Amino acid sequence: MRKTYDFHGGIHPPENKHQSVRTPIADAGIPPQLTVPLSQHIGAPAHPVVSIGDHVLKGQVIAEARGFVSVPKHAPSSGSVIAIEDRLIAHPSGHLAPCIVIATDGKDEWLQRQIPPDYQALKKTELIDLIRNAGIAGMGGAGFPSSVKLSVKEGTHIETLIINGTECEPYITADDILMRERADQIIEGTKILRHIIAPQETLIGVENNKPEGLAALRAAAEGTGIEIVEFPTKYPSGGEKQLIEIITGKQVPSGGLPSQVGVVCQNLGSAVAIYEAVVLGHPLISRITTVTGESVREPQNFQVLIGTPMRYLLEKAGYEAQKNNRLIMGGPMMGFTVPDSDVPIVKTTNCLLAPTESELPTPPPAQACIRCGLCAEACPVSLLPQQMFWFAQSKELEKLEEHNLFDCIECGACSYACPSNIPLVQYYRASKAEIVHLQHEHEKSEHSRIRFEARQERLDQAADEKEAKRAARKQAAEARAQQADGGAEDPIQAAIERAQAKKAAQQASGASTVSELERLEQAVVTTRKRLDTASTKLDQATAEGSDLVSALQLGVDKTRAKLEVAEQALQEFQQTPTVAPVEDSPTNAAQAAIEKAMAARASEAALSPSEKAQVQLEKLQQRLQKSQDTLARSRENGEDEKVIEALEASVARLTEKISAAQDQRNAGENA
Amino acid sequence: MALLRITSPHAHGPMSTQRVMQNVLLATVPGIIVLTHFFGFGTLVNVLFGSIVALLCESLALLLRKRPVGFYLKDCSALVTAFLLCIALPPYAPWWLITIGIASSILLAKQLYGGLGYNPFNPAMAGYVILLISFPVQMTAWAPPRGMGELPGLLEAIKACFLPASFDGITMATPLDIMRQNTGLLMEDLWQQNPQFGRWGGVGWEWANIAFLAGGAWLLYQRIFTWHAPLAMLASLSLLAALFYDGGSSASGGSPLFHLLSGATMFGAFFIVTDPVTSAVSLRGRLIYGALIGVLIYVIRVRGSYPDAVAFAVLIMNFAAPFIDYYTQPRTYGHNKKPEAK
Ligand code: SF4
Ligand code: SF4
């Protein structure tokens, strides 16, 4: 038996898993309507490629990926597109998002499928493309596109590939039932992943509360060299970082990637989806979802089409809506409540939990913190939740950051353990959002300062110009007067002065927009250069294990922040001629800040430099799009020629940059 | 039913602050029984009367602070304070002593700072020290244990409390007093000449300590607190006692066993040092916190001029707890580790 390690803290909530594994996976069937959100994961939403009224076949692409951290969407069944509009989706914020709605025809007609060639013969990049085109995104948690996680930076040495089969959240059995019923597919999918990553060892980590699943996996893995690792049940062992610590004993550096400790993690459900995509040619259009809780009469696991309304699925399990006090997507520890049972199942819906009030009671009012430290004992990240709570209450945001608030994985172990019922995680989420929001504000004010200064300069120039013109006029008048007097004092001098004044005037008026644009772009370019040098130094230092790492890291971070400010300033400047900035309402802004921060963190966490190049490329493309729009609008509005010229120049520059970035990325990928 | 919208986690553990406090109350029972057995009903009367005063004081403070009285009384923290202070008071204490002590604990040491969770000092020990400084005579009047003198009955105990003038209790020096004042006797002789020394820590005292140890062990088993602070305190106290035992000479401070089983050692270790609010929080911090209290207890017992040292030692360390916390922050996952050069 392989040695496993323990991580700090953790809790043992009641498992409540047996209810939903009594029967095999059931097919949920085809609901009358499917609502496919365009964004079901972190990253850019997909772009619809069908229109209302189109007939679509099962497996047909209905929305294309936009950008690297994005995957396409496929029709989960055949039917016709009846709406492309904003609908309520399952998201912590409970907001609307663009969806494609399909009225199914019940025929479930497949698109002509292409069975891919033997994966052994495919190149790594081809396989990753295949996985991406099948729309596979992490099937637990944040739903990070699998292809991004698999695109490990060239030259990174991966020792261990870990398939995460822990499923540590209470109630959920989607992975458990997969192990019991589809162990072969898990192993096949794992083999494909192993082929792509080429690690030294390949492991599947499973908690010891799933003996049947473990036995099935062991039997299926016989002779494949894939090791099944069993370890004690403890929440949250399924957290990626915790799992890595359990299996390798190593900790992923704060803010770093698993690949830095030689590990790549993939979800068990993703392994099966990858098997289906690579071997059978099926895109990801359905998943296994556990439907459980005391408000359903027959808790069980379903094979359900993406886009199926939750209510439809709940009813298949005998939903008793009147008993249900809240509807949770995910587990009781990290899941979030959905506003309405009409929202669709998405790729990350591993569980629908419909508890009764007695099962998961409404939390009683919080009592005072008695500093018992139970929360600190439970924290898997070794934070001091009670101190953070204290600082969150008194809004000491700096102290919060010092206490590593941003390392909190929001697992909820602290809240679970707290005898005073303090909703600790809620405080941390709010504080994180506030900090991110403030940073954003700071950047904004920094950026408006830059703009203010630029404007001041422009005004000064205009004043100078006026002054010069006035002087020139005066001089001309004097000259004329003198001529009239008969005595031509010095006409040559006057002519020279006139010419000078004219030149000054030209400089002052025509060049002002262009020059500011140039200045801002210059700022971006130089900052970017500085960032590059700093990053190189940091990489060196990291490789040598130098003490300077943290200092350098700080430098890099600062430069990056500056770069962002500069870029934003530039971008906004380019938009200003016609577009007025749209102000969010404060609540929306806060919410948006949360989402933005979450998305940024998650995507940053998984990017290697070549991926960053890709992201950069996308940003540029977006900017190009915007600039082009602005240009078109200015033309329509018959704007000043100078403005149009400037805009054209910026479009041209962006196009150039994009092709440069493309070259760079291609170079990175081929390296 | 309208669907609730609340954030995760949705599940909550079985522990509640109320349960923690109730467990602590329950765990003091063996100790109270033993004290009552050896010293008569004095302690019991203290505890009952003190509890009533505590509830009144707490309600008054909550009313003045415009807080919901019922909600806060339910956490039982006032009762815990009353139990702990009244166990520490000498049996047959007069009602006014108890009242002043409880009022100081609850009003000054706790509510004035903002109530449960905000008090920097252990309320029971703060009340105890205030009494000790203000009324040294009453506070050092310990009754003789069973077998060393007549034990007053229940009625007399009640009389002692409410009509202190009419109560004529006998008092007797505790073993700790005698030990501190000892100048010329070998340990062995000390034990022979003073029957109240009992076997190890004093008649009555040794059993009371064992009873509090048992209550504490039960709390540990219930995971109400961690072993770190109490064990560190007992360890450092024993270590010092062993170091300065001096072979039982007349300069000796007493054997480790004597220190462990005399005075308020076990009571302090499991019921005072473990007070979460006023102790250090991190586990490493609690080790340091407990160990330093052990050191202080030994020093004050042997060198100081007060009957027992637990209260002073704890209050001093209450001061230090925030600093200990500051310097013992645990290493967060993924921090301060040299990245592996690959
Ligand atoms: S568990 Fe709750 S009461 Fe205990 S220290 Fe943490 S926040 Fe305070
Ligand atoms: S939610 Fe954050 S602070 Fe609480 S236990 Fe989890 S990681 Fe620790």
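A salt bridge is a side-chain nitrogen of Lys or Arg within 4 Å of a carboxyl oxygen of Asp or Glu. Side chains of opposite charge can pair when their charged atoms come close. The structure here is a predicted model. Searched as a whole, this structure has 24 salt bridges over all chains.

Take one of them inside chain A. A:Lys250 and A:Glu159 join through their side chains, with N and O 3.8 Å apart. The pair links distant parts of the chain, 91 residues apart. A:Lys250 sits in the loop between H5 and strand S12 (263-267) of chain A. A:Glu159 sits in the loop between helix H2 (146-150) and S9 of chain A.

Now turn to the place where the chains meet. Chain B gives 47 residues to the contact, and chain A gives 72 residues. About 5000 Å² is buried between chain B and chain A. Carbon and sulfur atoms give 54% of that area. How many salt bridges does the rule find across the interface of chain B and chain A? It finds one. A:Arg371 forms a salt bridge with B:Asp325. The closest N and O atoms of A:Arg371 and B:Asp325 are 3.5 Å apart.

Next come the helices of chain B. Start with H1 (residues 17-39) and H11 (residues 205-221). H1(B) and H11(B) pack at an angle of about 170°, and their axes are 8 Å apart. Angles over 145 degrees count as roughly antiparallel, so H1(B) and H11(B) are roughly antiparallel to each other. The crossing of H1(B) with H11(B) is right-handed. On the H1(B) side, the contact includes B:Leu26, B:Pro30, B:Ile32, B:Leu35 and B:Phe39. On the H11(B) side, it includes B:Trp205, B:Trp207, B:Phe212, B:Gly215 and B:Trp218. By class, the contact of H1(B) with H11(B) has 16 nonpolar and four polar residues, and no charged ones.

Chain B also pairs H4 (residues 77-88) with H6 (residues 123-134). Here the angle is about 40°, and the axes lie 8 Å apart. H4(B) passes H6(B) in a right-handed crossing. From H4(B) come B:Thr81, B:Leu84, B:Leu85 and B:Ala88. They meet B:Pro123, B:Ala124, B:Met125, B:Gly127 and B:Tyr128 of H6(B). The contact of H4(B) with H6(B) has seven nonpolar and two polar residues, with no charged residues.

Go back to chain A for another helix pair. H3 (residues 174-197) and H6 (residues 268-280) pack at an angle of about 60°, with axes 7 Å apart. That makes H3(A) oblique to H6(A). What is the hand of the crossing of H3(A) and H6(A)? The crossing is left-handed. Among the H3(A) residues in contact are A:Asp175, A:Met179, A:Glu188, A:Gly189 and A:Ile192. Among their partners in H6(A) are A:Leu268, A:Ala271, A:Tyr275, A:Glu276 and A:Val279. By class, the contact of H3(A) with H6(A) has twelve nonpolar, four polar and three charged residues.

Last, look at some details of the backbone. The peptide bond from A:Tyr235 to A:Pro236 is cis, with omega near -5°. A:Pro236 lies in a loop of chain A, between strand S11 (226-231) and helix H5 (240-248). In chain B, the bond from B:Ser8 to B:Pro9 is cis, with omega near -5°. B:Pro9 belongs to the segment before H1 of chain B. A:Tyr171 has a phi near 75°, a positive value in a residue other than glycine. This residue, A:Tyr171, lies between strand S9 (160-164) and H3 of chain A, in the loop there.

Methods: Residues numbered from 1 in each chain as written. Chains lettered and ligands numbered in written order. Predicted model: local features only at pLDDT ≥ 70, side-chain atom pairs only at ≥ 80, totals over all residues. Heavy atoms only, no water. Axes fitted to C-alpha atoms, helices over the stretch in contact; angles between N-to-C directions. Helix = DSSP H or I, 4+ residues; strand = E, 2+ residues; numbered from the N terminus. Parallel < 35°, antiparallel > 145°, perpendicular 65-115°, else oblique. Left-handed = near helix turned anticlockwise from the far one by under 90°. Contact = heavy atoms within 4.5 Å. Nonpolar A, V, L, I, M, F, W, Y, C, P; charged D, E, K, R; others polar. Buried area = accessible area lost by both parts, 1.4 Å probe.
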